[in-house]
Amino acid sequence: MDYNQLRNYIQNFSLDYCPRGNQGYNRVLLQLFGFTGHGKSALINSLMYVLNVGKYEVHAKSGVISSGGAVTMERRAYELTATITVVDNRGFGRMNESERGMIYAQLGNFMPLNEKVEWRDSYEDFVSQLEESGLDPNYTDFVVPVFVYKVSAPLSEQEGLEIRAFFKNCRNLTGVFPIIVLTFKTSGDYFEVEKMFKCLGAEVVVAVENYSEEDQIQTLGRNTDFLKLIKSALDHVTFRMEKARNPKEERIERKKFLLKYVHDIAMAESIEKEKMKQEARIAEQAMRYQLCQQADLYAVSRRTKAMRKTELEMWAMQRYEVPMWNSKDKDGCCIL
Ligand SMILES: Nc1nc2c(ncn2[C@@H]2O[C@H](COP(=O)(O)OP(=O)(O)O)[C@@H](O)[C@H]2O)c(=O)[nH]1
Ligand SMILES: [Mg+2]
């Protein structure tokens with residue numbers, strides 16, 4: 001497929017053309033997620049710029065606000081074509097367990113679109129949010145997770161392990177292994193980073209240099225990278241749509257996954273709290289025991305001193321017939 005064919009294929013893609021028809025799905029939802037500042041919003045603006053002929057426009061606000069926080073605090077949907085929509089999810093700082101739960105909830109489409117995303121970190125809040133989403137369920141979106149990562153950001157071994165587990169969960173949740181988009185293509189060694197993500201199990205890694213207000217010159221290669229990204233998402237969709245699907249059942253499965261995930265986190269947290277309480281109790285007991293021992297030793301030493309004092313007094317009395325050892329310390333013992 002040459003450039004124009006690729007672009008037309010994407011523009012005209014419809015789930016109705018899948019081998020078994022749309023099976024109840026009516027939209028492909030490219031769900032972007034990743035660390036704040038890695039270029040999710042810039043990627044959306046670039047995709048719009050490449051797909052819709054015209055001048056560069058800022059659709060998704062990009063950059064960091066003066067207070068230091070991220071601009072994107074809500075899930076916002078942007079229509080790329082009649083069938084494909086891209087979602088700018090709320091980015092995360094450093095992935096902890098509860099942030100990950102919220103990302104799965106966004107990926108699973110259990111959080112409303114175009115509304116502010118509040119991180120819920122209690123089990124009860126999270127479950128009630130899932131229940132609320134059931135009032136207006138969305139099971140007509142075919143979700144493709146897209147992980148956006150800046151080439152120039154280093155990843156520690158520990159973070160790599162966490163991301164590997166995270167990708168696997170994303171795959172279990174959506175049926176598609178996250179597509180990795182490496183941004184800032186020309187600012188680092190993207191081959192190395194691509195290799196690293198492939199080692200973490202990634203199937204598709206696409207490197208792009210996002211367009212921006214300052215840098216809008218389109219080239220064939222740069223545009224093709226963005227089209228390749230969408231094409232590989234559509235290939236995954238077509239592959240999955242070859243099998244019989246049931247959107248309602250798949251949504252129920254996603255919900256079960258999420259409930260189990262947050263339940264396991266809540267259990268692990270309460271076990272951890274109980275363990276900490278137990279350790280504090282043991283430490284207190286040990287401290288008390290030590291204090292008792294010290295008190296005992298002190299008592300023994302007092303007794304010893306007292307005995308020596310008596311012995312010496314008796315000895316002095318016998319020898320000189322007068323008490324010689326009268327000076328006492330504050331505890332009443334003779335100073336020897
Ligand atoms: N040079 C360059 N800058 C980029 C690229 N992607 C994003 N940026 C810049 O990085 C900053 C953060 O990007 P943004 O899209 O807001 O990140 P988000 O928090 O993931 O949405 C913005 O100033 C972007 O213009 C890229 O591929 N190349
Ligand atoms: Mg953003």
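In the predicted model, the axes of helix α1 (residues 3–12) and helix α7 (residues 220–241) come within 10 Å and cross at roughly 40 degrees (axes are lines fitted to C-alpha atoms, over the stretch in contact for helices, with angles from 0 to 180 degrees between N-to-C directions). Tyr3, Leu6, Arg7 and Ile10 of α1 meet Leu220, Thr224, Leu227, Ile230, Lys231 and Leu234 of α7, contact being defined by C-beta atoms, placed from the backbone, within 7 Å.

The protein chain has eight helices and seven strands, taken as DSSP runs (H or I, at least four residues; E, at least two) numbered from the N terminus. Of its 336 residues, 29% count as buried (20 or more other C-beta atoms within 10 Å of the residue's own; exposed, 12 or fewer; partly exposed in between).

In helix α6 (residues 190–199), the buried residues are Tyr190, Val193 and Phe197. These cover an arc of only 60 degrees around the axis, and therefore lie on the same side of α6; the arc is that of the directions from the helix axis to the C-beta atoms. The buried residues of α6 pack against β6 (179–183) and β7 (205–207), whereas Phe191, Glu192 and Cys199 are exposed on the other side. Just after α6, Gly201 takes a positive phi of about 105 degrees.

Residues are numbered from 1 along each chain as its sequence is written, and chains are lettered from A and ligands numbered from 1 in the order in which they are written. Local features of this predicted model need pLDDT of at least 70 and side-chain atom pairs count only at pLDDT 80 or more, while totals for chains, interfaces and linings use all residues.

Technical notes: Contact = placed C-beta atoms within 7 Å.
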